[in-house]
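Please keep the sequence and the structure in view while I talk.

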Amino acid sequence: MTRKKVGILACSGEECLGGTISRLAARRVMEELRPGRTVTLCLPLYIAGGEEERNFAKEYPVIAVEGCSKCCVTSATEKFSGKVSDTINIEEMLGEDVALSKIVSTRDLTKEHQDMVKIISEEICTKMDAIK
């Protein structure tokens, strides 16, 4: 069975750890766990009017990876392209204290942070694999 590509639209928030985890998890899925099966979409470009990003999200399934409960990714997708196929909310999965904690530079990520990235990237894969 040939599976269609899935878009991952990750949080672009820079002020909290949830945004960083969402972007690192999306990249891990794209490069290591499901290469060739996914693309990442750029939320700032998407919001600014990126037609290529918006059109992809109209034609292919998209998983929104929210860094916090603001749900900016889902809101933007539904405003410009339609319903998301699924959503992952880091704040719900890892807790508000983790998601909203101060940003950690990617140079300073601890094993605990890397483990969080693994949890979220594996959840993205689970949701991707459920998409027909």
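Predicted model: local features only at pLDDT ≥ 70, side-chain atom pairs only at ≥ 80, totals over all residues.

Residues are numbered from 1 along each chain as its sequence is written, and side-chain values use heavy atoms, with hydrogens and water left out.

Four strands form an open sheet in the order 2-1-3-4, with parallel pairing; strands here are DSSP runs (E, at least two residues), as helices are (H or I, at least four), numbered from the N terminus, and two strands pair if DSSP finds at least two bridges between them. The edges are strand 2 (38-41) and strand 4 (86-89), each of which pairs on one side only, and the twist averages 20° from one strand to the next, where axes are lines fitted to C-alpha atoms, for helices over the stretch in contact, and angles run from 0 to 180 degrees between N-to-C directions.

Strand 1 (residues 6-10) is joined to strand 2 by four bridges, and Val6 has Thr38 as its bridge partner in strand 2. Four bridges also pair strand 3 with strand 4, with Ala64 opposite Thr87 in strand 4.

Turning to the helices, helix 3 (residues 51-59) lies across strand 1, strand 2 and strand 3 (62-66), at about 135° to strand 2. Helix 4 (residues 72-80) touches strand 1, strand 3 and strand 4, its direction making about 145° with that of strand 3; contact means heavy atoms within 4.5 Å.
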